[in-house]
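In these notebook entries I record what I looked up about the ligand and the spaces in the protein.

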Amino acid sequence: MMTEKRENWGSRFGFLMAAAGSAVGLGNIWRFPYLTGMNGGGAFIIIYLGCVALVGLCIMTAEFAVGRRSGLAAVGAYKSVSDRWSFAGALGVLSGFFIMGFYPVVGGWSLAYIAKSFTGLLAAPEAIGDAFGAFITNPVEPLVWMVIYLAINVVIVAKGIQSGIEAAGKVMMPLLYVILIAIIFRTVSLPGGGEGLKFLFTPDFSKVTGQTFLAALGQAFFSLSLGMGCMITYGSYLSKDEKLPQNALIVTTMDTSVALLAAVAIFPALFAFGVEPTAGPGLVFVVIPQVFAQMGGFGVIFSALFFLLLFIAALTSSVSLLEVVVAYLIDQQKMPRKKAVYITSAIMAVMCILASLSLGVMSGFTIFGVGFFDFFDILTDKIFLAIGGGLLAIFVGFFMKKEDLKDELTNGGTISFGAFEVWYNLTKYVIPLVIAWIAFAGITAIQQKSLMIFGLAVIAVFAIFSKKL
Ligand code: TRP
């Protein structure tokens with residue numbers, strides 16, 4: 001059922017900035033550079049771009065179409081076509097929960113690093129790496145920042161997000177580009193920085209395995225906010241005269257360009273400062289302060305600005321994640337918005353506490369062979385999102401009417417979508433097979449086998465009990 005106050009986006013630009021705001025987040029600026037570093041550089045980037053162009057763009061178009069067609073958030077959108085399929089939407093809600101089990105932890109780090117930029121972090125450049133390790137393993141400090149971060153999300157989503165997200169997106173997204181480009185100018189001119197660009201743009205395919213493909217596919221879904229009904233929800237607020245394929249192309253291009261810009265900003269600095277590209281999740285938190293450490297007072301401001309942008313990028317994304325869960329509770333469980341936000345975020349806070357502690361005092365405690373942080377991260381990024389996207393492709397290809405899709409993507413025949421047949425056949429036949437192949441190759445190559453089996457079992461249980469969801 002539709003709720004009475006179903007809003008539309010205020011303007012096309014507002015929607016684009018909000019959708020791009022959801023897509024552009026920690027995935028681009030924090031995760032993409034360290035994944036690229038851990039997966040051998042250029043070869044990973046090429047595979048990633050392939051996943052974005054072939055799979056991501058089609059799935060985003062499909063999510064927008066499904067959302068606007070039904071005018072409902074994820075579960076409702078599936079349900080409006082078939083009860084049997086509501087499990088795919090519910091799986092998305094669960095993914096949203098799990099991503100929010102670690103995302104606010106990193107969001108809190110970004111907030112902390114705004115403050116730390118001013119309080120002497122840059123004064124001792126040699127200690128920046130150790131300081132990061134000490135910070136994230138501390139049992140109290142990161143929790144405080146995480147709670148502040150999550151509370152900001154709660155305030156925005158509890159109020160209803162339209163004016164907040166739209167307004168913030170319109171200012172922050174353009175600013176993000178400006179700052180990133182300014183930082184690129186600084187880092188590519190560092191002595192020794194050229195090595196970093198070489199690492200990025202000279203592909204070495206000898207390091208590529210099934211895992212590389214799985215990492216690239218998972219990252220494409222994560223970065224584009226796909227595979228869990230987020231863009232279905234955002235599409236449901238779109239007016240009928242918007243051109244869906246064009247908007248999908250713009251959002252995809254913006255998201256990918258920010259990821260590439262972030263890599264170009266960070267890799268020269270890595271090589272200039274002799275940080276290992278395989279440094280993992282600490283990468284930007286260690287490298288960026290080092291870049292600005294020698295610049296004196298301006299350096300402090302640049303560093304703070306960078307983490308402010310990381311924070312804003314994260315915020316416009318996590319708000320969309322929280323909104324997917326909240327929209328489900330409002331639409332399907334008839335819960336008042338505020339109550340939905342409070343309950344949801346309280347559970348998320350507990351998950352985040354576990355995730356944060358798993359990096360420090362609880363590092364000995366593992367489930368399915370990994371700590372809580374990795375549990376939430378790997379489960380969503382390596383299984384749920386890609387399978388959620390695959391399910392959506394099958395749903396669109398085999399359970400929706402082709403005429404309906406054509407009608408939706410051409411606004412009732414009033415605009416042309418020349419690539420419709422290409423999109424349709426890719427989505428229906430090629431993408432499910434590509435995802436199945438990558439999932440199979442990746443899962444057989446991955447170390448965390450029991451976690452993968454657990455994830456697949458969860459999906460099976462959801463599918464079996466779909467009528468109850
Ligand atoms: N895309 C965001 C990022 O790159 C994260 C995110 C927001 C997301 N909404 C999502 C990921 C929905 C998957 C699904 O940081």
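The model is predicted: local features need pLDDT of at least 70, side-chain atom pairs count only at pLDDT 80 or more, and totals for chains, interfaces and linings use all residues. Residues are numbered from 1 along each chain as its sequence is written, and side-chain values use heavy atoms, with hydrogens and water left out.

Next I listed the surroundings of the ligand. There are 18 residues around the ligand (a heavy atom within 4 Å), and Ala 23, Gly 27, Tyr 103, Phe 222 and Ser 225 are the closest. I noted ten nonpolar, eight polar and no charged residues in this shell; Ala, Val, Leu, Ile, Met, Phe, Trp, Tyr, Cys and Pro count as nonpolar, Asp, Glu, Lys and Arg as charged, and the others, Gly among them, as polar.

I then checked polar contacts (pairs of N or O atoms within 3.5 Å). A polar backbone atom of Ala 23 is 3.0 Å from an oxygen atom of the ligand. For a nitrogen atom of the ligand, I found a polar side-chain atom of Ser 225 at 3.0 Å. An N or O atom in the side chain of Ser 320 lies 3.3 Å from a nitrogen atom of the ligand.

Notes: A polar contact is a pair of N or O atoms within 3.5 Å; within protein, one must be able to donate a hydrogen and the other to accept it, and residues adjacent in sequence count only if both atoms are side-chain atoms.
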